[in-house]
Amino acid sequence: LRVLPDPVMPESVGSARSDDLQAESLMLNLDASLRVYARHEFFSWTQGALQSLIEHELLICAMPNGEPGSFYVDSFSTAPAEPARVSELFRQDVTLVPQLIKAWEENHCEPVAFDAATVGAAAASALGRELARIGAQSIVAHGTYDGGGDLASFFTFGCAPGAVGAHQRHVVGLVVPFLHAAWMRTRINWPGDGAVVKPHVESVLTARETEILQWIYHGKSNIE
């Protein structure tokens, strides 16, 4: 696979304002990730607030399950895609997935992005064809690794054509460690009477700070 090169980003009016909104959205998302303990909460976060940072049609979460080339896979989407089918296609894929992981490893385990033409070239991949069907054939992918340098988890964002580049790779690099931790918590059988018992999590923000950031994110001025 050919890794998408960094685009040249022109200066634009209001770019500083946009950067401020991105920083505020990032803080809110990282704070929200700390409250994810169940699968439905993970879905609500990744397909809700996280879309403001990384707009995507599909998120595939994978981790090795002990057998070479074999993964435990979970998929999340609000697009017309069947998550269970996508997860199974990812597990069975021997064309696109190995190339994605290899490209990530060759990029020193930094986020990688691929355009629609590159993903579409993997014609033998049923996963690639499914991504094309739902309009998510541009990919940005990143993973985590354990203390031995081996792959611990791998996250693939399927995005609309032309929607990935240097900025998305940077954001994914910041978010994935929190994404990994949140996804791992959803896989723990927390004790309790049939319900998830969540440890108390101290917010990095006060309630007032969170409220202010939410209003700023929605475009309100300081006076308002």
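1. Starting with the helices: α3 (residues 83-92) and α6 (residues 126-133) pack at an angle of about 145°, axes 8 Å apart. Axes here are lines fitted to C-alpha atoms over the stretch in contact, and angles run from 0 to 180 degrees between N-to-C directions. Helices (H or I, at least four residues) and strands (E, at least two) are DSSP runs, numbered from the N terminus. Arg 85, Val 86, Leu 89 and Phe 90 of α3 meet Ala 126, Leu 127 and Glu 130 of α6, with contact meaning heavy atoms within 4.5 Å.

2. A caveat: this is a predicted model, where local features need pLDDT of at least 70, side-chain atom pairs count only at pLDDT 80 or more, and totals for chains, interfaces and linings use all residues. Residues are numbered from 1 along each chain as its sequence is written, and side-chain values use heavy atoms, leaving out hydrogens and water.

3. Seven of its eight residues are buried, so β4 is largely enclosed by the rest of the structure; buried means under 20% relative accessible area (1.4 Å probe, protein chains only).

4. β4 runs antiparallel to β3, joined by three bridges, and antiparallel to β5, joined by eight. Strands pair if DSSP finds at least two bridges between them. Five residues separate β4 and β5 in their hairpin, and Gly 149 in the turn has a positive phi of about 85°.

Methods. Buried < 20%, exposed > 50% of the residue type's maximum accessible area, 1.4 Å probe, protein only.
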